[in-house]
Amino acid sequence: MSNYEILSTINSPADVKKLNAATRSKLAAEMRAAILNRVSKIGGHVGPNLGTVELAIALHTVFDSPKDKIVLDVSHQSYPHKLLTGRHQGFTDDAHFGDISGYTNPDESEHDLFVVGHTSTSVSLASGLVKARDMQGQKFNVIAVIGDGSLSGGEAFEGLDNAGDFKSNFIVIVNDNEMSIAENYGGLYGNLAELRASNGQSENNYFKSLGFDYHYVADGNDTEALIAVLEEVKDITRPVVIHVHTLKGKGYALAEQNKERFHWSLPFNIQTGELTVSGAKGYGAYVAEYLDVQAAHNDKLAVINAGTPGALALQGFRAKYPEKYFDVGIAEEHAVAFSSAMAKGGMKPVALFFGGFIQRAYDQLSQDLCLNKSPAVLVIEGCGITGMDMTHLSVFDIPLLSSIPNLVYLAPSCVDELKRMLDWAMAQTDFPVAIRTPASAPQNLTYAPKTDIALNKFEVVKQGSKVALIGLGSMLSLAEKTAEKLAEKGVDATIVNPRFANGLDEELLTALLSCHDVVVTLEDGVLAGGFGEKVAGFYGDKAVKVYNFGAAREFTDRVPVEELYHRYGLTPEQIVQKILG
């Protein structure tokens, strides 16, 4: 801990309040070193956290957490807050990295109000705290921190619009680093630029138009300037916006120069910025390659993304075909409706989403897209059982999307099948099609799928008897491994590739009854409302035993994938034991 002389003494916000300007400056440098120590070794959000170190120090110098309530939007800037609230070992001591997550979490600290890992939420959440406080006659400050990128989300506008009419204490801090995850898109950002250029003096002021008082801090990385303005608004009796201009990646030259690359990163070498880990080529890269080929000859193609090009491997496409690429900001709802209308207008939109974010757009999926049968194509990426933080799980997509009429949801078992599904989805004009790509790397299959895609038609990739293994998407590989184990027990199992996550091939399922006693479904998603339940429902009044294997309906938090597979009985040995038991 010798490298963290000041930080090692900070065990609560009370310790922050004891510091003077000189020690606060030294603390900021040590905090940046601690953040880089953690993210360079295990990955995490780099730029957003480095850019808000001074803001965190100022907040905990002026306000009295947890009495005063600080709500951080999306948690991308939560590391400095954690460093000042008794959790510095999670950054300075490698053995304690696992003690904390990358997001705010009340189970970790009384200074965290909510589990938050999705964007545009802080103003709405803090607004509820304001009203709960006022209705009970309590007195404390409520502070919402929100980034400029998060302002593009609909919930941010709804919260600001509502809060601007409040008649009591509410402080909103807009952290403006001129970036979202990637470049900002949207008309709002022209006004933020105007406010920066005028040192906050422009009469054209988005926040004032909503009813807020307004203060501007030109150097949001000046701790003393921040403290001065926060002292001025502390205990204010009306809503106010503090607009602070910060530098994303502050203090780490590589992150300052390449803000998009260092928004979030896998482990990397601090000196060079080069990644120190490598992984297999994922499905997202294959989707991007497919779109690149399509763009060269398909004048109707339009690629839509909701502010996450890096996570979906779209940077190359964005650079090569800017006229065909539409980043709508962090606004999944708008992205779905926008895609639906583009399809109605004669284009062939392909909208890409991270699986953990698609639930934000449920109403638009149902009403704007599926009710209208718009033949847009959605690619839902990174789905399945993962070891991710609880805020970024992508395991609930099948029940969610399967509940909507008119939507066809496909699950490819390999890269070749992914491309054929994309071809089929792009060619048809009857309904919206979504394609689910797994978070796991593509698997090598013994029995490669071969038959053409036809609506709700499954494929028998290996004919056997007695036991039928239906492996959805990436689980076809598990079906093959299970079949090998069954063969060792003298059972020659049938293997079925269903391809459709929300439709049934009743003809094929009926045919299985003639020579099978057991049907097993395998899916990389939650069982409740999932694919397997549909198969079990079909067989409910028929003389066959059905076993469904998949994930439990639960929020898991950074649990290793291998541990989850064992927990859910998703190993060949466990499946065979269940079948033969």
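**Note on the predicted chain**

1. Of the contacts in the chain with a separation of 6 or more, 75% are between residues 24 or more positions apart; contact means heavy atoms within 4.5 Å. The model is predicted: local features need pLDDT of at least 70, side-chain atom pairs count only at pLDDT 80 or more, and totals for chains, interfaces and linings use all residues. Residues are numbered from 1 along each chain as its sequence is written, and side-chain values use heavy atoms, with hydrogens and water left out.

2. The C-alpha trace spans about 80 × 55 × 50 Å along its principal axes.

3. The secondary structure comprises 23 helices and 18 strands. Both are DSSP runs numbered from the N terminus (helices: H or I, at least four residues; strands: E, at least two).

4. Buried residues are 59% of the 581 in the chain. Buried means under 20% relative accessible area, exposed over 50%, and partly exposed in between (1.4 Å probe, protein chains only). S340 is buried, because its relative accessible area is 4%. Beyond its neighbours within four places in sequence, S340 contacts D368, L369 and S374.

5. There are 28 salt bridges in the structure, each a side-chain nitrogen of Lys or Arg within 4 Å of a carboxyl oxygen of Asp or Glu. One of them joins E5 and K26, with the closest N and O atoms 2.6 Å apart. E5 is in the segment before α1 (13-16) and K26 in helix α2 (residues 21-42), so the pair ties together parts 21 residues apart in sequence. Both ends are partly exposed, E5 at 49% relative accessible area and K26 at 39%.

6. D112 and R87 form a salt bridge at 2.8 Å, N to O. D112 sits in the loop between α6 (89-92) and α7 (122-135), and R87 in the loop between α5 (78-83) and α6, 25 residues apart. D112 is buried at 4% relative accessible area, and R87 is buried at 6%.

7. E573 and K485 form a salt bridge at 3.6 Å, N to O. E573 lies in helix α23 (residues 572-580) and K485 in helix α19 (residues 475-488), so the bridge ties together parts 88 residues apart in sequence. E573 is partly exposed at 46%, as is K485 at 30%.
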